[in-house]
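Student: I would like to learn how to read salt bridges in a structure. Please take me through some cases.

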Amino acid sequence: MRLKLIKFYIPFLSYLTLIASNNLYAQHKFQGQIDNERWNGQVYLSVIEDFRTLENIDHEQIISKVETNADGFFQFEGNQLENQNKIYKLHVDSCSDDEKDRHHFNGHCNDSRDILFVANGNDTIKFPLGFEDQIFCDVRSTNPKTSALIKIDSLKEEMRFDYAEYRSKANRELNNKKWFKMLQDFGESLNEPLAELYIYAFLSDRSNNLHTHYLQDLKTNQYYDGLLERLRNKYPKSDYIIQYEAELNADKYIISGELQTSKKDNDQNPWTAVLLSVLFISIGLNIYLFITRKKQNQDNLSSEFKSNLTSQEQNVLDLLLENQSNKEIATTLFVSVSTVKSHINSIYKKLNVTSRDEAKNLFSK
């Protein structure tokens, strides 16, 4: 009788152990197919910690690389991803092996394709082979939010056609108003704050012709504060919140200065204008001194160091040499503290040092 119970319990306990292990270690699986002849049979997976790098290839955010099989199939799987939704990127490029590292450090490759998507450590996603000049289409996922960013990219393609239809100032201004509102509304309708954050990064990009419209909209539109609350509610511990809030406050400071200087008040104290002028001159001088010091520090770098450090790593190094803390560096560069830590670890590795003091001693010499 006892032997029979033992025979019964051993398989039962093994089954419970299997269930427990699956719950403790979430498994993700991202798979698809690419054209090996064009893309050299390599696929990269990145996690996007800094949403200002969404459009670039950031070497510091690449977490895995796989080789495809003879038919171009690839698969990423494991249990190292977080259970909370984050923004991820798959990308391929046609750079030769000896060029890849250099291009990844520079943030681009002349011939590359990528796809941004939302996922977590529990997701299984399939990216089928695309057609014509595209890689991915008809994404199938266990996560209903995976394709949110892909839908936005599709809408942005329609937007580009509208702008290209007739190139004039009048057409551009009409499209600015139309698409700005349309993208915001579409993002909110997706009920995914990370998708809205993707749209915000696009609309507020200083190199984008929509940036001026964004600053005007920020003066009166409560949408941006609403997005901050939605991020806090759904992703309370996310680094995205810190970066978004820092950028939002910086832009609000800019437009508050514009509002104050443009306001006409005959009863205004004449010294206010003087004090404001001194304030802006002081800010300008500080910016000038910061840029000057930055240039001097960069000039002191050897050619070997310059070739090894990315532009963002050089920015972090400059601030590190000025004795700024990780939090202060993150605030200055509008990135998360974890992103700063990643950059510092990479800097230490490239300079062959292990601490701030060693890095400072290196450049003081």
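Student: Is Glu-245 buried, exposed or partly exposed, and what is its relative accessibility?

Tutor: This is a predicted model. Glu-245 counts as partly exposed, because its relative accessibility is 28%, and partly exposed lies between under 20% for buried and over 50% for exposed.

Student: Which residue forms a salt bridge with Glu-245?

Tutor: Side chains of opposite charge can pair when their charged atoms come close. Here the partner of Glu-245 is Arg-232, with 2.7 Å between the closest N and O atoms. Arg-232 sits in helix α8 (residues 223–234) and Glu-245 in helix α9 (residues 239–262), 13 residues apart. Arg-232 is partly exposed as well, at 30% relative accessible area.

Student: How many salt bridges does the structure hold?

Tutor: The structure holds 15. One of them joins Lys-86 and Glu-49, whose closest N and O atoms are 3.0 Å apart. This pair links distant parts of the chain: Lys-86 belongs to strand β5 (residues 86–93), while Glu-49 is in the loop between β2 (42–47) and β3 (62–67), 37 residues away. Lys-86 counts as buried, at 9% relative accessibility.

Student: What does the salt bridge between Glu-55 and Lys-156 tie together?

Tutor: The closest N and O atoms of Glu-55 and Lys-156 are 3.7 Å apart. Glu-55 is in the loop between β2 and β3 and Lys-156 is in helix α4 (residues 148–165), so the pair ties together parts that are 101 residues apart in sequence.

Student: Which of the two is buried and which is exposed?

Tutor: Glu-55 is exposed, with 54% relative accessible area, whereas Lys-156 is buried, with 4%.

Technical notes:
Residues are numbered from 1 along each chain as its sequence is written. This is a predicted model: local features need pLDDT of at least 70, side-chain atom pairs count only at pLDDT 80 or more; totals for chains, interfaces and linings use all residues. Side-chain values use heavy atoms; hydrogens and water are left out. A salt bridge is a side-chain nitrogen of Lys or Arg within 4 Å of a carboxyl oxygen of Asp or Glu. Helices (H or I, at least four residues) and strands (E, at least two) are DSSP runs, numbered from the N terminus. Buried means under 20% relative accessible area, exposed over 50%, partly exposed in between (1.4 Å probe, protein chains only).
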